[in-house]
Amino acid sequence: MARAKELKFKVPDRPGMLGEIAGALAEKKVNLRAINAWVEGTEGVVRIVVDKHAVAKKLLAQKGWTPEERDVIELELADKPGTLGEAAAKLGRAGVNITHVFVGTGASRKATVFLGVSDPAAAAKALR
């Protein structure tokens with residue numbers, strides 16, 4: 001398990017916004033490792049994990065998207081039924097609340113999981 005940082009920001013809800021975000025990051029050679037987005041009212045809410053956090057944070061701020069930074073934990077799990085449930089149960093037993101999750105699978109048959117949690121230190125201890 002590793003720690004990562006996510007950036008959460010709001011954008012206008014309009015066609016092409018995801019392309020604008022991804023394109024702006026690509027221009028700065030920032031790779032998106034994970035993304036989660038949804039619409040609330042007239043705004044899009046976006047959470048990202050990237051390989052060049054400081055560059056992305058500066059870019060988002062320059063665009064007026066006011067990124068909020070948060071520590072998340074990064075897990076690599078086997079891509080098979082039950083592995084996420086086992087990790088989540090360990091966190092629950094340790095009293096760690098999961099506030100959000102986004103998952104992606106790769107060709108290596110592994111899943112990289114990013115969890116927003118109430119206590120990253122307790123989460124790290126629970127998942128050792």
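This briefing walks through the overall build of the protein and then looks at one residue, Gly64. The model is a predicted one. In it, the protein has 4 helices and 6 strands, and its 128 residues have a radius of gyration of 15 Å.

**Fold and order of elements**
- Starting at the N terminus, you can follow the elements in the order β-α-β-β-α-β-α-β-β-α.

**Size and shape**
- The C-alpha trace spans about 40 × 30 × 25 Å along its principal axes.
- A compact globule of 128 residues would have a radius of gyration near 14 Å, so the 15 Å of the protein agrees with that picture.

**Inside and surface**
- Of the 128 residues, 35% count as buried.
- The accessible surface comes to about 7,300 Å², and carbon and sulfur atoms make up 51% of that area.

**Charges**
- The protein carries 21 positive and 15 negative side chains.
- The centres of these two sets lie 5 Å apart.

**A closer look at Gly64**
- To find Gly64, go to the loop that runs between helix H2 (53–62) and strand S4 (68–78).
- Gly64 counts as exposed because its relative accessibility is 52%, and the cut-off for exposed is over 50%.
- Val11 is 53 residues away from Gly64 in sequence, yet their C-alpha atoms are 8.8 Å apart in space.

Technical notes
Residues are numbered from 1 along each chain as its sequence is written. This is a predicted model: local features need pLDDT of at least 70, side-chain atom pairs count only at pLDDT 80 or more; totals for chains, interfaces and linings use all residues. Side-chain values use heavy atoms; hydrogens and water are left out. Helices (H or I, at least four residues) and strands (E, at least two) are DSSP runs, numbered from the N terminus. Buried means under 20% relative accessible area, exposed over 50%, partly exposed in between (1.4 Å probe, protein chains only). The radius of gyration is taken over C-alpha atoms; the globule rule is 2.2 Å times the number of residues to the power 0.38. Accessible areas come from the Shrake-Rupley method with a 1.4 Å probe; for residues, only the protein chains shown count as cover. Lys and Arg count as positive and Asp and Glu as negative; His and the chain ends are not counted. The place of a charge is taken as NZ of Lys, CZ of Arg, CG of Asp or CD of Glu.
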